[in-house]
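Good morning, colleagues. I would ask you to keep the structure in view while I speak. I shall begin with the ligand and then turn to a pair of helices.

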Amino acid sequence: MNPNSKYYLIGGGIGSMAAAAFMIRDGDVSGDNIIILESNPLMGGSLDGAGDAQRGYSLRGGRMLTTDHYECTWDLFKTIPSLTSARVSVFQETVAFNEKHPAHSMARLVDRRRAIVPVTSMGFSMQDRVELLKLSQADEEALGSSAITDHLSSGFFETEFWFMWSTTFAFQPWHSAVEFKRYLLRFMMEFTRIETLAGVKRTIYNQYDSLVLPLQKWLKGKGVHLINDCKVTHITNQSAEGEYIVTAIQYQRAGARVTITVHDGDLVFLQNGSMTDASSLGSMTSAPNQLTKHDSSSWALWEKVAAGRPNFGNPAAFNGCIAQSSWESFTVTLKNPMFFDLMRQFTGNEAGTGGLVTLKDSNWMMSIVLAHQPHFLNQPADVQVFWGYALFPDRIGNFVAKPMSACNGLEILQELCGHLRFDLDVLTSANCIPCTMPYITSMFMPRQLSDRPLPVPVESKNFAFISQFVEIPDDVVFTVEYSVRAAQMAVYQLLGIDREIPPVTRHDKTLRVQFDALIKAFT
Ligand SMILES: Cc1cc2nc3c(=O)[nH]c(=O)nc-3n(C[C@H](O)[C@H](O)[C@H](O)COP(=O)(O)OP(=O)(O)OC[C@H]3O[C@@H](n4cnc5c(N)ncnc54)[C@H](O)[C@@H]3O)c2cc1C
């Protein structure tokens with residue numbers, strides 16, 4: 001390896017940050033030779049968390065992790081020291097936190113009568129069981145670009161199982177049957193505890209504070225160049241004898257156009273596509289703007305790079321229909337404990353032990369999560385923050401006669417209080433910041449195998465993809481793990497690192513539990 005080689009990472013999501021860490025830890029690359037170029041003002045990409053008690057906090061998402069899966073993520077975070085103690089890794093502090101605050105939801109589903117739904121039965125019919133079994137064993141190539149609805153009958157989508165599974169993982173009936181099948185196998189262990197979410201592990205704070213910040217600190221300490229507000233617009237290549245070699249990267253920063261020459265021995269990694277591209281925040285008085293990929297940057301570069309190159313994937317399969325890939329979240333900052341007190345009385349869960357509470361009959365299909373407080377590093381003790389989301393923001397509400405997408409923060413709180421039968425007074429002084437995400441489930445869109453490139457396409461000599469939109473056998477998208485695994489695969493292959501990548505744990509095989517037996521146990 002040439003000690004002067006440069007390593008360019010386009011995009012500053014957890015995928016690129018993980019790639020930089022693997023290069024340093026496992027590839028003996030000097031941090032000073034690694035450059036991350038990110039269009040946003042902060043690193044971390046979709047793994048965000050921002051704000052303060054005055055302006056209000058905002059999270060596009062709240063992430064659930066597990067320690068029974070997420071093999072590459074923990075392989076990475078076993079190396080990264082906690083922000084508070086250099087002797088403890090992020091992995092160790094997360095495990096210790098979860099031992100102290102185990103998840104055990106007592107109100108996973110709430111119905112239109114405001115009653116907590118008993119969820120010891122999954123509600124399957126015999127037909128559901130047969131169809132699920134068939135789908136779980138189907139060949140991915142045969143499933144092709146079919147949708148979940150092509151394999152499961154309408155009754156399945158009314159089962160308690162579907163309400164819990166779809167809101168835990170954000171599946172819609174029209175999403176990819178292949179992705180759904182992969183989830184069934186990858187998270188088979190969760191079948192036995194989906195109603196309590198007992199398998200879920202949380203970070204101490206939001207994931208920006210608990211994962212991105214410690215990793216960023218470690219990378220900076222190693223000399224990695226983290227460049228924000230830098231939009232990469234073009235990648236120049238030379239294609240000789242069928243080989244693809246990147247020769248230059250063009251970016252815009254502070255009004256200037258800059259070209260980086262990519263020399264022999266340098267490597268380039270691209271984050272192709274982003275689930276939070278074109279996302280937009282509203283406020284208590286305004287609904288978020290409805291943006292599209294044309295207002296943003298992430299998809300555009302992948303579209304350019306993949307044009308005319310079938311092995312570089314097909315972005316249109318993922319970003320072609322906002323109506324099928326969008327939903328909306330919201331973050332609420334409170335300066336009055338009344339809402340948290342009422343939720344504790346209603347659900348029986350202290351904040352941080354319950355996880356998702358889904359209002360299953362709400363038109364918007366709303367869920368909320370009250371995380372352990374404080375949820376932000378800079379959160380004062382007398383402030384509480386919770387997060388929620390809705391799978392159908394295009395539908396008229398039950399208590400607000402508007403689609404959620406047209407609602408401001410106050411209207412979203414009215415709808416929420418309507419379902420919970422709380423007086424709106426309990427949310428006096430609340431600041432609700434809505435967030436619309438047009439491509440949030442773009443990874444779940446029905447697709448052919450060839451629509452996702454391999455992390456390192458066969459003809460590539462110095463270029464790789466790191467994202468949710470690459471093909472990794474058996475693993476599941478919409479997870480931090482998928483991006484970290486893609487990073488590890490791309491880095492190890494291009495740098496020739498001879499270290500085993502932690503395999504995807506096959507709980508479906510190692511548990512030796514027949515899928516049909518599991519389903520029977522719950523019906
Ligand atoms: C609402 C929500 C809920 C979630 N829930 C969970 C969960 O429960 N469990 C879980 O494991 N995961 C969850 N996730 C998913 C997880 O956060 C993502 O899978 C992961 O963060 C994706 O990381 P990434 O690095 O691949 O991509 P991203 O985070 O999307 O980063 C890509 C980055 O590249 C930048 N970029 C792209 N193109 C360019 C360019 N041309 N120039 C410069 N910069 C560019 C983008 O600006 C972006 O910052 C959730 C995500 C969200 C949003």
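Which atom of Ser46 lies 2.7 Å from an oxygen atom of the ligand, one of the backbone or one of the side chain? It is a backbone N or O atom of Ser46. Please bear in mind that we are looking at a predicted model.

Gln271 places a polar side-chain atom 3.0 Å from a ligand oxygen, while in Thr479 a polar backbone atom is 3.1 Å from an oxygen atom of the ligand. As for burial, the ligand taken alone exposes 990 Å², and the protein buries 96% of that area.

Let me now describe the surrounding shell. There are 39 residues around the ligand, and those that come nearest are Glu38, Ser46, Tyr70, Ser274 and Ser483. Sorted by class, the shell comprises 16 nonpolar, 19 polar and four charged residues. Two or more residues come from each of helix H1 (14-27), strand S7 (230-240), helix H9 (298-306) and helix H14 (480-495). Strand S7 gives the most, with three residues.

Thank you for your attention.

Technical notes. Residues numbered from 1 in each chain as written. Predicted model: local features only at pLDDT ≥ 70, side-chain atom pairs only at ≥ 80, totals over all residues. Heavy atoms only, no water. Near = heavy atom within 4 Å. Polar contact = N/O pair within 3.5 Å; in protein donor to acceptor, adjacent residues only side chain to side chain. Areas by Shrake-Rupley, 256 points an atom, 1.4 Å probe, with all protein chains shown as cover. Helix = DSSP H or I, 4+ residues; strand = E, 2+ residues; numbered from the N terminus. Nonpolar A, V, L, I, M, F, W, Y, C, P; charged D, E, K, R; others polar.
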